[in-house]
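Open the model in your viewer and keep the selection panel at hand.

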Amino acid sequence: MPQLNSALGRLKPSAISDVFDRAAKLRAEGLELLDFSVGEPDFDTPDAICQAGIQAINNGETRYTAVDGTTELKQAIAAKFRRDNGLDFSLDQIVAASGAKPLLAVAIQAVAGPGDEVILPTPCWTSHVGMIDLCGAETRFVECNIDSGFRITPTQLRNALTPKTRLLLLCSPSNPTGAVYSAEELADLGKVLADFPNVWVLSDDLYEHIVFAPNIFATIAEVSPELRDRTLTVNGVSKSYAMTGWRIGYAAGPTQWVNAIRKVFSQSNGGPCSISQAASVEALNGPQDFLAEWSATYQHRRDLAISILARTPLLEMKAPEGAFYIFPNCAKLLGKVAPNGQKIRTSSDFCAYLIDQYNVVTVPGAGFYCDPYFRISIATSEEIIKAGCQRIVDAANDLRSEN
Ligand code: PLP
């Protein structure tokens, strides 16, 4: 019998598949669920961006492009970094790819391998862990709980650094907590890293344009110039421009790192879709005013959701500073029993109870290496937020203490 590659054994089974299986089963039975599990904007891609894609087809721009993206796209990316982040990159320091996800995976693979450690603050996005596992490096999780605003502190960072550390992975605004690092906080992390010149830094900035006032987005390469020659800043059009299906991500940083990524893509993926690249040029170069409007909409939804969830004292949460997720702590529910006799031992149990009894889909904290929390996505309508959050409150209040 032929064998699969044993390296795949490093990928852990998904901690959240049970919830999605339950949701799929209920949907198949015809039940309508209030879905808070989505990780993508509910807005449509703006028309001007779609038209740019259509125009590209009409112009016959349907052939292979350069592996790292068209010159037009790389110029638009360079202009974006200059405009939004005060960062100057030459085109050979930029790479575009079929989404930020493969870009992040290859970026990690390019600098870390077996025997290396990658520092990852938790709660974290599940795929960051999978990417580190796949390249054979060890993940050094650093627990950042609700009291520290879900952000790694300079002391925690210093304590986590070892001679084996090859990479620090930061994600701000964060999926799943919505935590946003301020410029000062990032600069303080930069000061720690100044003492560790062999450590690369990977900044996942996918949610850059979803930041709620008074918070202001910053990225580490911008605020720590001394780290610029070892920081790769990754971004994309998926979350900010409602373009998840177009699959365009991009990165900029040191030539050595970017060249390594380009080399891997040249033998694996090839260049990203030519039509999506043309649409992304319009996204990055065209009007940007809708970004602030969308962000204000998410902020309004956040306030609405939090005002409803606050009706129960049993859930503790911190208002997210960005992204479109709320990450409540459900520790006070653990040990309680549902009216049907089901005991709540973990956030996964609570999420299962929410689906089965209240038809509300959320994602348990185990998927983000953090329990007992669960993630609520507010990339959905106010109607669903009002009805669904009230059901979450009712579900929490309906639990009874065990006698
Ligand atoms: N980074 C973070 C933090 C994400 O949450 C996601 C998607 O959920 C991605 C990257 C992937 O982005 P893309 O759609 O460009 O692959």
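Start by selecting Lys-101, Trp-125, Thr-126, Ser-127 and Asn-175. Of the 38 residues that line the largest pocket, these lie nearest its centre. The model is a predicted one, and this pocket has a computed volume of about 700 Å³.

Next, select residues 100-111, which form helix 4, and residues 126-134, which form helix 5; each of these helices supplies at least two residues of the lining of the largest pocket. Which helix gives the largest share of that lining? Helix 5 does, with seven residues.

Now colour the lining of the largest pocket by residue class. It divides into 19 nonpolar, eleven polar and eight charged residues.

Move on to the second largest pocket, with a volume of about 190 Å³. To display its lining, select Arg-83, Asp-84, Glu-208, His-209, Val-211, Asn-215, Phe-217, Gln-288, Leu-291, Ala-292 and Ser-295. Two elements give two or more residues to this lining: helix 3, at 71-85, and helix 11, at 289-309. Select helix 11 by itself to find the largest share of the lining of the second largest pocket, which amounts to three residues.

How many residues of each class does the lining of the second largest pocket have? There are four nonpolar, four polar and three charged residues.

Technical notes: Residues numbered from 1 in each chain as written. Predicted model: local features only at pLDDT ≥ 70, side-chain atom pairs only at ≥ 80, totals over all residues. Heavy atoms only, no water. 1 Å grid on protein atoms, 1.4 Å probe; cavity = no way out; pocket = protein on both sides within 12 Å on 5 of 7 lines; lining within 4 Å. Points joined across faces, edges and corners; volume = space filled by probe spheres on them. Helix = DSSP H or I, 4+ residues; strand = E, 2+ residues; numbered from the N terminus. Nonpolar A, V, L, I, M, F, W, Y, C, P; charged D, E, K, R; others polar.
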